[in-house]
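Please read them with the structure open.

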Amino acid sequence: MLTKLDAQNAIVAHICAFTGYQLGYQFARLVPMAGLIKVGDYFYAVFSVTIAGKRKKRKISLRTKNRRQANEDIKILTAAEIRGDLNPLEKDFNVQDFIKRKTRYYGLTIEECIPLFLDDHPNWSPKTRLQYETILNGWYHMMKGTLVMAETKNDALTFLNQNQITPYLLRPGIKNPTRKKELRHIKRFCNWLVEVHASKRFDTRATFNPCKGIKLPEEDIDYHSKMLSDDELNRIIEAYHLSCNRSKKPGRTSYVRPWFPMLMRMYHYTGCRRSELLDRQLKHLDGLEFITVVGKRSRIRKVFLKSELQEYLKEYVSTLPTNDREQYLFPNEFSGKPINGDQVFYAFSKYRKLAKVPDSRTIHGMRHNSVTEDLKAGVSLTMVQKQHGHTSSKVTEIYEHLAASDLKDAYKKM
């Protein structure tokens, strides 16, 4: 003979099978699933659930004094449980937020979209994820109160636009390279908003990317202050050797970096970007004349190794642990894996200070120096562009003007 509980379980199971929905938690019950009580002036939803023959109750405030509104809220919660959309026993379950999502007439807000965007890219490294999270949350908190994808208020439809992005990018005290990085991150986020709305995955109401029309003000860059001369490079490498010699004395310990002198010369004479050389292997060397690197947008190019490098490179390769083609050119001395950009930056900063070279000198400044020296030597604009992997000849032309000004200064001194 069927008990009352068995009959309830059978009815709910039949409803779920008929509608194609599954229960969101492991128990069955007869609807309506929530009762309504009044405590003081406010109405509460009382969830009564039977699990393994035991009844559990949870009382949650609906934050309304209006009985009609409270009854409407109960209907929404009841329908949601039948569909398996909620579990009232979850610790973080919030009735007000749930009802708001089910009844509101506008799309997802920026605050709700940011965690969805981050979760939609599980293959990102922790560092990349942190960068996006920091920039997007910083943008949201600065523009808080004005950021909604699409919301109808007083018959006016408000969309995400340039006026909600530009003030964040142009805030005082921020340099242009940082602004460009932030614009790239926000632009990618806005592209995602458009894509997920078009595919009907999320209701973002985004149909265009407002970042496409944003133009940042031009900023004069002092390339000369970043460039590293041959003399300064030699002083930095000498500081490295002196540091290694001091570490050999009794009672002294130091972190020896055998890759440092060769890598600095490679940056200085090839003009490669910092990341382009770190994961190179012996198989990427074409004799001692060329090295194959992967630049921006995964573009592969061959970089010519000048005569200043070839003797140093031949001697350096002979000191590597193996002659295997899979051997990394600049391996970590402990793990054998390729070094990372942070290690290179730390080492460069350390030995630059020891050599008393100005703080304005940078690793990327060696790339500026290489392009300028090639143009001074008479190498054609096209060849310089190919050597350094510039996506456009306009980028190389910037250095052409720089080289011309250097020649002018040199003739004035003469």
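Predicted model: local features only at pLDDT ≥ 70, side-chain atom pairs only at ≥ 80, totals over all residues.

1. Helix α14 itself spans residues 381–388. Which of its residues are buried? They are Val 384, Gln 385, Gln 387 and His 388. These four lie on the same side of α14, because the arc they cover around the axis is only 165°. As a general point, an α-helix has 3.6 residues a turn, so residues three or four places apart point the same way.

2. Helix α5 (residues 126–142) packs with helix α7 (residues 176–198). Their axes are 10 Å apart and the angle is about 90°, so α5 is roughly perpendicular to α7.

3. Which residues make up the contact between α5 and α7? From α5 come Gln 131, Tyr 132, Ile 135, Leu 136 and Trp 139; from α7, Lys 181, Glu 182, His 185, Ile 186, Arg 188 and Phe 189. By type, the residues of this contact of α5 with α7 are six nonpolar, three charged and two polar.

4. Ser 307 belongs to helix α11, which runs over residues 307–317. Is Ser 307 buried or exposed? With a relative accessible area of 58%, Ser 307 is exposed, because the cut-off for exposed is over 50%.

5. Ser 307 can also be placed relative to Tyr 269. The two are 38 residues apart in sequence, and their C-alpha atoms are 9.4 Å apart in space.

How values were computed. Residues numbered from 1 in each chain as written. Heavy atoms only, no water. Axes fitted to C-alpha atoms, helices over the stretch in contact; angles between N-to-C directions. Helix = DSSP H or I, 4+ residues; strand = E, 2+ residues; numbered from the N terminus. Parallel < 35°, antiparallel > 145°, perpendicular 65-115°, else oblique. Contact = heavy atoms within 4.5 Å. Nonpolar A, V, L, I, M, F, W, Y, C, P; charged D, E, K, R; others polar. Buried < 20%, exposed > 50% of the residue type's maximum accessible area, 1.4 Å probe, protein only. Arc of directions from axis to C-beta.
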